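The sequence and structure are shown first.

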Amino acid sequence: MKQKIQKAFEYKGFGFPIILMNVPMIEVMGVWTPHINYNKLQKILLLTLAHKPIPLTGNELRFIRKYFELSMEEFGKFFGVTHAAVSKWEKKKNRLLNTDINTERCFRLFIMDHLKVRDEDFRRIYKEVIIQDIAELKKLDIEPFTFDAKKEDLMAI
């Protein structure tokens with residue numbers, strides 16, 4: 001079995017691009033694939049989304065919902081909306097959501113609550129998520145998240 005370390009690899013398995021740096025790769029049936037702990041990567045990504053300084057995208061919200069294994073209806077109940085509203089959000093794909101600051105905060109607090117984050121971190125996130133000018137932010141190009149596989153200790157178990 002061939003193995004190597006790749007300096008940069010774009011992973012799209014969660015619905016939006018993630019750049020993995022210094023990622024261990026393994027050749028499987030002639031195809032090079034990251035040899036990492038995907039469960040750990042998902043949790044790191046969730047915490048990164050909770051701290052994200054700009055609004056979430058539709059694909060990021062879908063990732064959050066799917067990670068916690070919730071239907072659109074179940075997910076919507078947490079935010080006081082119908083499954084149609086959740087569907088509308090997710091249809092934004094890689095574009096920023098048109099939600100207000102309180103809904104954005106609720107998305108992040110939902111992540112923190114479901115990951116059982118400590119109270120002081122929970123409070124810090126709430127204060128941190130102050131998206132100043134959403135109208136201006138919607139004009140930004142969305143950059144992929146970047147994680148260093150070695151630094152984040154994503155090596156496969």
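Why is helix H2 (residues 58-67) largely enclosed by the rest of the structure? Seven of its 10 residues are buried, so the rest of the structure largely encloses H2; buried means under 20% relative accessible area, exposed over 50%, and partly exposed in between (1.4 Å probe, protein chains only). This is a predicted model, in which local features need pLDDT of at least 70 and side-chain atom pairs count only at pLDDT 80 or more, while totals for chains, interfaces and linings use all residues. Residues are numbered from 1 along each chain as its sequence is written, and side-chain values use heavy atoms, leaving out hydrogens and water.

**Helix H2**
- The buried residues of H2 are Gly-58, Asn-59, Glu-60, Leu-61, Phe-63, Ile-64 and Arg-65.

**Salt bridges**
- There are seven salt bridges, each defined as a side-chain nitrogen of Lys or Arg within 4 Å of a carboxyl oxygen of Asp or Glu.
- Lys-52 and Glu-60 form a salt bridge, with the closest N and O atoms 2.5 Å apart, and both residues are buried.
- Salt bridges also link Arg-62, Arg-65 and Glu-90 in a network.
- Lys-2 pairs with Glu-27 in a salt bridge, the closest N and O atoms being 3.8 Å apart.

Notes:
Helices (H or I, at least four residues) and strands (E, at least two) are DSSP runs, numbered from the N terminus.
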